[in-house]
Amino acid sequence: MSSYDGLNVYPFDNEVVEIKFENQLNTRMDMMQFATADYSLAENAGMKKKVRKYSGTGSVEEVSMGNGNSGTIGAGFVEVEYEVGTTQGKGQYYDEQLMDDPAVIDKLIQHMSELMVNDMNSKIAGEFAKTSNKMFGISVGFDAISDAIASFPQEGTEGEALFILINRGDSSAWRKALGDDL
């Protein structure tokens, strides 16, 4: 930690700043419970990650002996390419500020980590906005949650945690409607 003895300023060890910053991020990553971090491309900005979104077409049909299907079943995918980026912030403070109040570094680190978390959260929310599994204009309550869960194919939800995102303004109405079911 940085300290001032009246004559000299002893700066923060970079490792200490890194640990403080990482702790800020770890305690504020709300959205990480809804997303999976992919560290496979953590090496360089500009690296590419291709994600395939699969879908199926066609249907099965009942046929009589000796007759074949009139249609076929197919599968395809849409490939989405993501470019790895680097998010960083640059902090600035003056020695005089640090001599006056060493907490200035802690506040700088806190603010920078909050900005990074907000940036990450908005990116995650942007990905959620692309999903086809969303419901609007539903009635508040347990039935709505049951209907939403039923909209997923059963094989896609086995062993997975499902969640709902509720507008903060609607949170109170949902809590009241769900009561003990919450």
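A residue is called buried when its relative accessible area is under 20%, exposed when that area is over 50%, and partly exposed in between, using a 1.4 Å probe and the protein chains only. By this rule E83 is exposed, because its relative accessible area is 54%. Before we go on, please note that this is a predicted model, in which local features need pLDDT of at least 70 and side-chain atom pairs count only at pLDDT 80 or more, while totals for chains, interfaces and linings use all residues. Residues are numbered from 1 along each chain as its sequence is written, and side-chain values use heavy atoms, with hydrogens and water left out.

Let us stay with E83 for a moment. Its partner is K48, and the two form a salt bridge whose closest N and O atoms are 2.9 Å apart. K48 belongs to strand β3 (residues 48–57) and E83 to strand β4 (residues 74–83), so this pair ties together parts that lie 35 residues apart in sequence. K48 has 44% relative accessibility and therefore counts as partly exposed. Two terms need explaining here. A salt bridge is a side-chain nitrogen of Lys or Arg within 4 Å of a carboxyl oxygen of Asp or Glu. Helices (H or I, at least four residues) and strands (E, at least two) are DSSP runs, numbered from the N terminus.

How many salt bridges does the structure hold? There are 4 of them. Another one joins the side chains of K123 and D119, at 3.0 Å from N to O. These two residues are 4 residues apart in helix α3, which means that about one helical turn separates them. Both ends are partly exposed: K123 has 48% relative accessibility, and D119 has a relative accessible area of 27%. E127 and K130 also meet through their side chains in a salt bridge, at 2.9 Å from N to O. E127 is partly exposed, with a relative accessible area of 33%.

Helix α3 covers residues 103–128, and S113 lies in it. Is S113 buried or exposed? S113 counts as buried, because its relative accessibility is 0%. A polar atom of the S113 side chain lies 2.9 Å from the backbone oxygen of Q110.

Now turn to helix α4, where A144, I145 and A148 are buried. They lie on the same side of α4, because they cover an arc of only 100 degrees around the axis, the arc being that of the directions from the helix axis to the C-beta atoms. The buried residues of α4 pack against α5, where contact means heavy atoms within 4.5 Å. On the other side of α4, D143 and A150 are exposed.

The loop between α4 (142–150) and α5 (171–178) contains L162. At 35% relative accessibility, L162 is partly exposed. Together with I149 and F152, L162 forms a nonpolar patch on the surface, with about 230 Å² of accessible area in total. Patches are made of residues with over 30% relative accessible area and no salt bridge, joining like charges within 9 Å and nonpolar side chains (Val, Leu, Ile, Met, Phe, Trp, Tyr) within 5 Å. Accessible areas come from the Shrake-Rupley method with a 1.4 Å probe, and for residues only the protein chains shown count as cover.

Finally, D181 sits in the segment after α5 and is exposed, at 55% relative accessibility. D181 and G141 are 40 residues apart in sequence and 9.3 Å apart in space, C-alpha to C-alpha.

Key. Polar contact = N/O pair within 3.5 Å; in protein donor to acceptor, adjacent residues only side chain to side chain.
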